[in-house]
Amino acid sequence: MVGRLLAAFYRSVRARARRRAISWYARPVYRVIAAVMAATLLAGCAAHARQTVRFSSITPGAPLTIEATMVRPAGPGPFPAVVQLHGCAGLEAQSFRWARWFAERGYVALVVDSFGPRGVKGDCRSGPDDPPITARFDDAFGALLYLQSRPDVRADRVAAIGWSQGGVYAMAVINGPSLDRARRRGVAMPTIGSTTGGFAAGIGVYPGGCFSLVNEQVVRPLLVLIGEADDWTPAAKCREMVEAMRGRGADATIVTYPGAYHYFDVEGQRLEVQTQVENDNRAGGFGATVSYQAEAASDAHRRVEEFLARHLK
């Protein structure tokens with residue numbers, strides 16, 4: 001999955017890194033369990049309307065119907081919105097906790113399921129079920145166009161946020177060279193700066209792929225949140241990426257959390273090494289340390305709230 005992804009979005013890197021550096025950054029959870037937990041989390045939130053919606057990806061010549069869960073604030077709107085992009089395990093309970101949190105703060109949250117329609121296992125390992133090259137990028141823009149078609153959404157105030165594997169897509173959808181490459185393969189990309197242009201901002205939470213963006217440039221505001229102790233998506237490369245982009249004039253910010261690992265915002269995640277996931281940054285190519293850290297999670301929520309208020313409201 002990763003090799004094809006990087007070949008599509010970024011300049012070439014060594015084959016092994018391309019093969020495994022992005023697609024295994026989220027905790028493996030059975031989708032049926034996530035669905036049950038999501039239903040439990042969202043039940044009783046009558047103040048926040050929620051529904052299952054469908055839209056088409058924007059893949060030229062081969063659009064796919066994508067399913068998503070929309071959680072919106074009470075009232076007619078129009079509201080700013082956030083497109084949520086999951087990690088390599090697919091949808092999880094945490095995805096819906098964030099959606100509810102966004103709705104409570106006045107944002108329409110669209111939780112995109114890129115794996116379900118494609119039958120992807122979500123085991124954070126490469127395999128024959130890996131999505132096509134730029135599938136998730138195309139899903140994200142399909143989600144954007146869907147939201148922009150709704151009268152209760154502010155068309156020019158939609159951000160992307162992604163975790164782990166989803167984080168690289170949240171960065172790619174506002175990365176100038178990625179947008180150019182999409183146009184070259186025939187994607188009808190929105191015009192940046194127009195009323196119904198592209199994404200207004202992007203947020204990467206412990207994102208993968210930072211090493212591949214060091215020499216590229218986001219064209220909209222970017223916020224990166226990552227743990228200093230993360231051994232799955234190292235903070236050093238994300239810091240290098242952000243500093244390089246800032247040096248070229250980009251509105252990019254990174255916040256790192258000392259002692260925090262991958263999944264620092266995943267409530268209930270105990271400290272452990274998940275041995276079954278692929279990880280190019282560990283000897284043998286497998287295993288990643290994960291843990292919830294309340295202090296980092298609290299600050300991350302505060303940073304996200306401030307960032308979105310600054311750029312979407």
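1. Let me start with R150, which sits in the loop between α5 (135-148) and β5 (153-163). Helices here are DSSP runs of H or I with at least four residues, and strands are runs of E with at least two, numbered from the N terminus. R150 counts as buried because its relative accessibility is 18%; buried means under 20% relative accessible area, exposed over 50%, and partly exposed in between, with a 1.4 Å probe and protein chains only. Setting aside neighbours within four places in sequence, R150 is in contact with Q51 and M70, where contact means heavy atoms within 4.5 Å.

2. A word on the basis of these notes. This is a predicted model, in which local features need pLDDT of at least 70 and side-chain atom pairs count only at pLDDT 80 or more, while totals for chains, interfaces and linings use all residues. Residues are numbered from 1 along each chain as its sequence is written, and side-chain values use heavy atoms, with hydrogens and water left out.

3. Helix α9 deserves a look. It covers residues 294-312, 19 residues in total, and spans 26 Å from its first C-alpha to its last, close to the expected 27 Å; the expected span is 1.5 Å times one less than the number of residues. The buried residues of α9 are A296, A297, D299, A300, H301, V304, F307, L308, H311 and L312. As background, residues three or four places apart point the same way because an α-helix has 3.6 residues a turn. The buried residues of α9 pack against β3 (79-85), α4 (93-104), β5, β6 (201-205), β7 (222-227) and β8 (252-257).

4. How many disulfides are there? The count comes to 2, a disulfide being a pair of cysteine sulfur atoms within 2.5 Å. Numbering the bonded cysteines in sequence order, the pairing is 1-2, 3-4.

5. C88 lies in the loop between β3 and α4, and C124 in the loop between β4 (108-113) and α5, so the pair ties together parts 36 residues apart in sequence. Both C88 and C124 are buried.

6. C210 and C238 also form a disulfide, their sulfur atoms 2.1 Å apart. With 80° about the S-S bond, the link of C210 and C238 is right-handed. This pair connects distant parts of the chain: C210 is in the loop between β6 and β7, and C238 is in helix α8 (residues 235-247), 28 residues apart. C210 is buried at a relative accessible area of 2%, and C238 is buried at 1% relative accessibility.

7. Now the aromatic rings. A search of the whole structure finds 12 aromatic pairs. Rings of Phe, Tyr and Trp (its six-membered ring) pair if their centres lie within 6.5 Å; planes under 30 degrees apart count as stacked, over 60 as edge-to-face and the rest as tilted. F55 and Y146 are stacked, because their ring centres are 6.1 Å apart and their planes are at 25°. That pair links distant parts of the chain, F55 in strand β1 (residues 49-56) and Y146 in helix α5, 91 residues apart. F55 is buried, with a relative accessible area of 7%, and Y146 is buried, with 16%.

8. Which way do the rings of Y206 and F264 meet, stacked or edge-to-face? With centres 5.4 Å apart and planes at 85°, the pair is edge-to-face. Y206 is in the loop between β6 and β7, and F264 is in the loop between β8 and β9 (272-278), 58 residues apart. Both Y206 and F264 are buried. Elsewhere, ring pairs link W98, W101, F102, Y107 and W163 into a cluster.

9. Finally, some backbone points to check in the viewer. The peptide bond from G77 to P78 is cis, with omega near 5°, and P78 lies in the loop between β2 (65-72) and β3. S164 has phi near 55°, a positive value in a residue other than glycine. S164 is placed in the loop between β5 and α6 (165-172) and counts as buried at 1% relative accessibility. Y206 returns here too: its phi is near 35°, a positive value in a residue other than glycine, and its relative accessible area is 2%, so Y206 is buried.
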